[in-house]
Amino acid sequence: MPSPRMLPSALRRRLYIAFAAFLVGALSGCDALLTEAPDETEELAGLVPGLSAPQRALHLRGDGEFARSFGPADGLGPIFVAASCESCHVGDGKGHPLFVITRFGRDLPGGFDPMPSAGGPQLQNRAVLGYIAEQLPSAATGVTRLIAPAVSGLGFLDAVDDTTLQRLADPADANGDGISGRLQLLDPTAMHANVFAIEQGGAGATGTRGTLVGGRHIGRFGKKALAVNLLQQVATAYHEDMGITSDLLPLDVVNPAVGDAGGDGVPEPEAPMSVVHAVTFYMKTLKVPPRRDSASADVLAGEALFAASDCAKCHVPSLTTGASAIAALDRKTFHPFTDLLLHDMGAALDDGYTEGSATTSEWRTAPLWGLGLAAAAQGGRMHLLHDGRASSVEDAISSHGGEAAASRTWFNSLSAVQRRQLLAYLHSL
Amino acid sequence: MSQRQWTTRTGLALAVVAIAASSLRAQAAPPTSGATRSDTVRTVQSGIFDRPFIATMGRTAVGGYVEANANIAREAGIGDGLSMELRRFNIFLFSTISSRVRFLSELEFEHGTQEIALETALIDVLVNPSFVLRGGIILPPLGAFNVNHDSPRWNFVDRPLVSTRIIPATLSEVGFGVHGRLAPPRVGLTYDLYLVNGLGEGVIANAEGRTSLAGGKAAERFAEDNNGSPAFTGRVAVQQGRLGELGLSWYRGVYNTPFIEGERVDVTRSVSLTAIDVNTHIGRVEVRGEGAVVRVDVPEDLREVFGARQWGYHVDATLPLWRPRIRGFPDAAVNADVRVEQIDLNVGRFATTFAPIGDTEAALSVGVSVRPVSGTVLKVNYRRSRTVDLLGNAPVPGGAFQVGFATYF
């Protein structure tokens, strides 16, 4: 407890004045002292405009679940990659190499084998105490490492009709431009049936998602578009990345080397569907990544260069959603800079791993929106491309090959000023 | 070293210290009652008895403290407005069973009845003032705050970060050991040595997603050890009248469960903590602080996500400003207070990027505290903080105004 010795009266008066000034300052500048929100254009988190009050409440409940960290007592694991959604998607942005997801498989005469008996296709490289994390099997011939994508704006991509993607596809390169986007076509599964049934059952859902093309479903989420919609993506991420079961995937992921079908001992499902739905709704109703400096001369010049290039043939600037039960997403035009199609990206990006109908060198076009805010969620450094190998936009472009080889050559031919303008534009997205 | 060998050696060490301590001359009789204590030097060690008690009935005294506050806080502009809470209501029960045996307990109600915990329930058996046996639910002497954490003793509404997120105050443990006060020339010397059940797997296996010694405070620790290998904790401190007190404390134990029914199911993993604490005056300014370093044996696959090293510190400075003349409060005092604090919950660099791992927080708090009587304090604080996430992204600023009171009763 304080000493009873007191200050001289002169010093005491000065301290009173200082304290009074502090109080006045505190009361008058209360907002600033309590901190102010960052400029909305500098962050990816935030609600899509136009949500009703109950929708905002559900979004915020999903936000809480998205941030929730699971422990072993909650059902984490027994093997996992991360303990929360937010670990991989900090601030709703792109991921960091710390939480990279490794997938593997091997080439067999009959096709690509995702090696389920060896724990494939996804490596859960962490384990709860007392359990053993998976090791990469030596027999794997294809191994890829995947950086988590930004999640803002995904609800708009989820609400794009299948017919739009079919219209953008040009699998045989009929227009002869050297670019041939293909739909990721997936054999129907029980999971597809379940997630489409749930989504189509939503009040007012009248879109054309979940249609069959040649008897197969169109994938649109994931680096190789393996997930058909956000609900599947969320349930799968809970399961594969965190070891959290739900009604959609009710059995724990275990290490085959341990052979414990009992999992972590926590009763299933570890996440009720209300949680899965809340997180899915949260991701659906995140705002689109904000533009910055869109009126600057360099950005406008860069925009013109981009529009005139072949870049925009895959990184399609604008899409329009179909009918949606969420009015804020219903028939809206937005600017993701992706066509959600698979493209051959050349040998440099061929990891020898594949999913669905994609070849090993094919990747779904990465949306460019939010590119300028990527580093802010990745520890201050950019980790671009599917595995984070590129530390800058220029690095990423220089790794483009295959259908994008001509665009890389075009970029390299630009003058220094044009490059600056194009990069300014890309960073403004 | 096997678990059994380690326990045996620790027991031998305790015995050696006990014999050495008994051979030294005692400085003064130990306190036998919190209400009528006879200590001449206020120490961290004597803190749990150095409390006012409201009533004495025969050989038993009852007391406690209550703490409430109002907060308005925001992080990066986001907050939930003004909120009030009854943070703690604690009841002490002290009993002088005989001239050489005393009992102290503390029952804590936190946030109303949200959390109810038996924080202390210990028996002291005086062999000699320099050698007092202690057993029961004790407060391991990790730094000074874990022992002396009563809210009326502190001038800020929030507890120090290092004392709650590095040192897991309030940490109560079941255990036994010895403590005492020795009397080398010109200084006081106190020591505490205990064996306790220790922290559990929650150090890693928690829902925080980070290393947390507080997460290791399993409720079962009062009933049984999760690994049959007790933790060893202790503190030595020197006191000098003008300079105050300087303490060094430590903790080491196994936190996981390497054996189940005698079968080895995991490797043995330990946690250790070393802390220093100081309480002194610089001119008119009272300075209290503590710093701590934690090391945790984290499984290889969990490293970087779960920190293997942590550290932190806080320094509180109190400047007496004024003694107002208030009828009925002849000892009223007004103080200016400053706290500087910092913690790093995950020390190291990422193997993939070589960038420093984040997970840090730093804060500066300023305030005024009014003590109408010594055991009652009114607190007005402003706290400014900067939190950096695991990946080292841009700091998130925080700001909070807090008004609170705490009083012994």
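Trainee: How do you know how confident the predictor is about chain B?

Mentor: This is a predicted model, and chain B averages a pLDDT of 89, with 90% of the residues scoring at least 70. Since pLDDT runs from 0 to 100, those values tell us the predictor's confidence.

Trainee: What makes chain B and chain A partners in a contact?

Mentor: Heavy atoms within 4.5 Å count as a contact, and here 56 residues from chain B and 48 residues from chain A take part. About 4,100 Å² is buried between the two chains, 66% of it on carbon and sulfur atoms. In chain B, Arg284(B), Leu321(B) and Leu391(B) lose the most area to chain A, together 15% of what that side buries.

Trainee: How many salt bridges and polar contacts link the chains?

Mentor: The count of salt bridges between chain B and chain A is 0. The rule does find 13 residue pairs in polar contact across the interface, with both residues at pLDDT 80 or more.

Trainee: Which strand of chain B gives the most to the side that touches chain A?

Mentor: That is β19(B), with 6 residues. By class, this side of chain B has 26 nonpolar, 15 polar and 15 charged residues.

How values were computed: Residues are numbered from 1 along each chain as its sequence is written. Chains are lettered from A and ligands numbered from 1 in the order in which they are written. This is a predicted model: local features need pLDDT of at least 70, side-chain atom pairs count only at pLDDT 80 or more; totals for chains, interfaces and linings use all residues. Side-chain values use heavy atoms; hydrogens and water are left out. Buried area is the accessible area (1.4 Å probe) that two parts lose on being put together, summed over both. A salt bridge is a side-chain nitrogen of Lys or Arg within 4 Å of a carboxyl oxygen of Asp or Glu. A polar contact is a pair of N or O atoms within 3.5 Å; within protein, one must be able to donate a hydrogen and the other to accept it, and residues adjacent in sequence count only if both atoms are side-chain atoms. Helices (H or I, at least four residues) and strands (E, at least two) are DSSP runs, numbered from the N terminus. Ala, Val, Leu, Ile, Met, Phe, Trp, Tyr, Cys and Pro count as nonpolar, Asp, Glu, Lys and Arg as charged, and the others, Gly among them, as polar.
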